[in-house]
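Please read the points below alongside the sequence and the three-dimensional view.

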Amino acid sequence: MRHGIVLFTCDRGITPARAAKAAEERGFDAFYVPEHTHIPVKREAPHPVALPVESDPVALAKTIATLDHLSGGRVTVGAGFGWNTDELADHGVPSGKRRTVLREYVEAMRALWTQEEAAYDGEFVKFGPCWAFPKPVQAHIPLIIGAGGGPKTFAWIARHADGWMTTPGEQDIGGKAAALRQAWAAEDRPGTPDIRVLVATKPAPGDLATWAAAGATELLWGLPDASPEVVEGHLDRLAARVRPERAT
């Protein structure tokens, strides 16, 4: 399995650039930066990854394509439907339509990434024929959906995405991975879905083997939002556990 790092970055701790460089130097394979545009003070959502539907789809497609171009084809898009429905409402996204909105955003962005003259006509996204450059280096930018594992989520992934990222505290990952593969097969998708496990707490003995047996391709480990020295020390200790051959 690959090992990636997650940093919910802010303006108080290590910068994303320094954290990503430190992680790569220690042998980690990926660097994830979640986002929220804001958190409403008063919320009705039951709970406090990128959220594409909170951005303009044309501008977001340009940002992702540019990042893929500058990084030499290293971008993976991790997206959520948006658990914070109050935050979505501030962006004009109806909570009951959030899966539809995300689907249209993804389809529209893929049109901009792949078509010489792109256009899209949906319920929430509309634009006429246009040019958008640079195109991504990758012919297909992978899309991983972070959401609770359930039939509706897995059916959406099987139709529109490339894989699943577990939520913190996800239970029965093996059973849910099997359910995702069944949904994948029902859509006649070739290959298998990419499954990435977000490690929210210290793993119990045997967890890594269990996740590997479930077909997980990558484990994601959280970093503290702290000073560079604290974060780099944390990376040293984590690398010694999961990447002993590369630890500094």
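The numbered points below describe a predicted model.

1. Helix packing. Helix α5 covers residues 151-160 and packs with α6 at an angle of about 45°, the two axes being 8 Å apart.

2. Residues at the helix contact. On the α5 side, the contact is formed by F154, A155, I157 and A158. On the α6 side, K176, A179, L180, A183 and W184 take part. Sorted by class, the contact of α5 with α6 comprises eight nonpolar residues, one charged residue and no polar residues.

3. The buried residues of α5. Which residues of α5 are buried? They are T153, F154, W156, I157 and A158. The elements against which these buried residues pack are α4, β6, β7 and α6.

4. Residue L102. This residue belongs to helix α4, residues 98-114. L102 has a relative accessible area of 0%, and so it is buried, the cut-off being under 20%. With residues up to four places away in sequence set aside, L102 touches P52, V53, G80, F81, I145 and W156. As for F81, it is 21 residues from L102 in sequence, while their C-alpha atoms are 6.7 Å apart in space. W156, one of the residues touched by L102, is also among the buried residues of α5.

5. Residue E170. The side chain of E170 makes a polar contact of 2.6 Å with the side chain of T167. A polar contact of 2.7 Å also joins the side chains of E170 and K176. Leaving aside neighbours within four places in sequence, the residues in contact with E170 are A147, G148, G149, W164 and K176. K176 is also one of the α6 residues in the contact with α5.

6. Backbone at D172. The loop between β7 (163-165) and α6 (173-186) holds D172. Phi of D172 is near 50°, a positive value in a residue other than glycine. Most residues other than glycine have a negative phi. D172 counts as exposed because its relative accessibility is 55%, and the cut-off for exposed is over 50%.

7. Backbone at D188. A positive phi, near 60°, is also found at D188, again a residue other than glycine. D188 is located in the loop between α6 and β8, the latter being residues 194-199. With a relative accessible area of 68%, D188 is exposed.

8. Where is the cis peptide bond? It joins F133 and P134, and its omega is about 5°. Most peptide bonds are trans. P134 is found in the loop that runs between β5 (126-130) and β6 (143-146).

Methods: Residues are numbered from 1 along each chain as its sequence is written. This is a predicted model: local features need pLDDT of at least 70, side-chain atom pairs count only at pLDDT 80 or more; totals for chains, interfaces and linings use all residues. Side-chain values use heavy atoms; hydrogens and water are left out. Helices (H or I, at least four residues) and strands (E, at least two) are DSSP runs, numbered from the N terminus. Buried means under 20% relative accessible area, exposed over 50%, partly exposed in between (1.4 Å probe, protein chains only). Axes are lines fitted to C-alpha atoms, for helices over the stretch in contact, and angles run from 0 to 180 degrees between N-to-C directions. Contact means heavy atoms within 4.5 Å. Ala, Val, Leu, Ile, Met, Phe, Trp, Tyr, Cys and Pro count as nonpolar, Asp, Glu, Lys and Arg as charged, and the others, Gly among them, as polar. A polar contact is a pair of N or O atoms within 3.5 Å; within protein, one must be able to donate a hydrogen and the other to accept it, and residues adjacent in sequence count only if both atoms are side-chain atoms.
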